[in-house]
Amino acid sequence: MNTKENLFSQFGLCLNNEGYAASLEIGKVYGVIQDDEAASHGYIRVIDESGEDYAYTANRFHLIQLPATVEKALLSVSRA
């Protein structure tokens, strides 16, 4: 579907990785890709530890707003 080259619409802080310990780290910030279809079912799409996008239940994350300088730094790392 989407790749990590896409701009993230938001960022999410992982709160729960139960069942996905290899894919998600609690306390880590992940890029969130806009996916209206996933959202309509209670999911959000993130770039996980595999480097690919995957839909997870939205309650596993807390969506956050980042200062522009922090967002820019995270985006530049994700594209490297």
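Contact here means heavy atoms within 4.5 Å. In this predicted model, that criterion places R60 in contact with L13, C14, L15, N16, N17, E18, Y20 and L24, leaving aside its neighbours within four places in sequence.

- R60 is located in the loop that runs between β4 (53-57) and β5 (61-64).
- Although R60 is buried, it has no salt bridge.
- The nearest side chain of opposite charge belongs to E18, at a distance of 6.4 Å from R60; a salt bridge would require a side-chain nitrogen of Lys or Arg within 4 Å of a carboxyl oxygen of Asp or Glu.

**Largest nonpolar core**

- Eight residues form the largest nonpolar core: C14, L24, Y30, V32, I44, V46, Y56 and F61.
- Two or more residues of this core come from each of β2 (29-33) and β3 (43-47).
- L24, a member of the core, is in contact with C14, Y30, V46, Y56 and F61, among others, when neighbours within four places in sequence are left aside.
- The contacts of L24 also include N16, N17, D48, E49 and R60.
- C14 and L24, both core members, are among the residues in contact with R60.

**Salt bridge between loops**

- The model contains three salt bridges.
- One of them joins the side chains of E49 and K28, with an N to O distance of 2.8 Å.
- Because E49 sits in the loop between β3 and β4 and K28 in the loop between β1 (10-14) and β2, this pair ties together parts 21 residues apart in sequence.
- E49 has a relative accessibility of 31% and therefore counts as partly exposed.
- K28, also with a relative accessibility of 31%, is likewise classed as partly exposed.

- R45 forms a salt bridge with D35, in which the closest N and O atoms are 2.8 Å apart.
- This pair links distant parts of the chain, with R45 in strand β3 and D35 ten residues away in the loop between β2 and α1 (36-39).
- A relative accessibility of 14% means that R45 counts as buried, and D35 is buried as well, at 11%.
- R45 also forms a salt bridge with D53, where the closest N and O atoms are 3.1 Å apart.
- D53 counts as buried because its relative accessibility is 13%.
- Through shared partners, salt bridges join D35, R45 and D53 into one network.

Technical notes
Residues numbered from 1 in each chain as written. Predicted model: local features only at pLDDT ≥ 70, side-chain atom pairs only at ≥ 80, totals over all residues. Heavy atoms only, no water. Helix = DSSP H or I, 4+ residues; strand = E, 2+ residues; numbered from the N terminus. Buried < 20%, exposed > 50% of the residue type's maximum accessible area, 1.4 Å probe, protein only. Lys, Arg positive; Asp, Glu negative; His and termini not counted. Core = buried A, V, L, I, M, F, W, Y, C linked by side-chain atoms within 4.5 Å.
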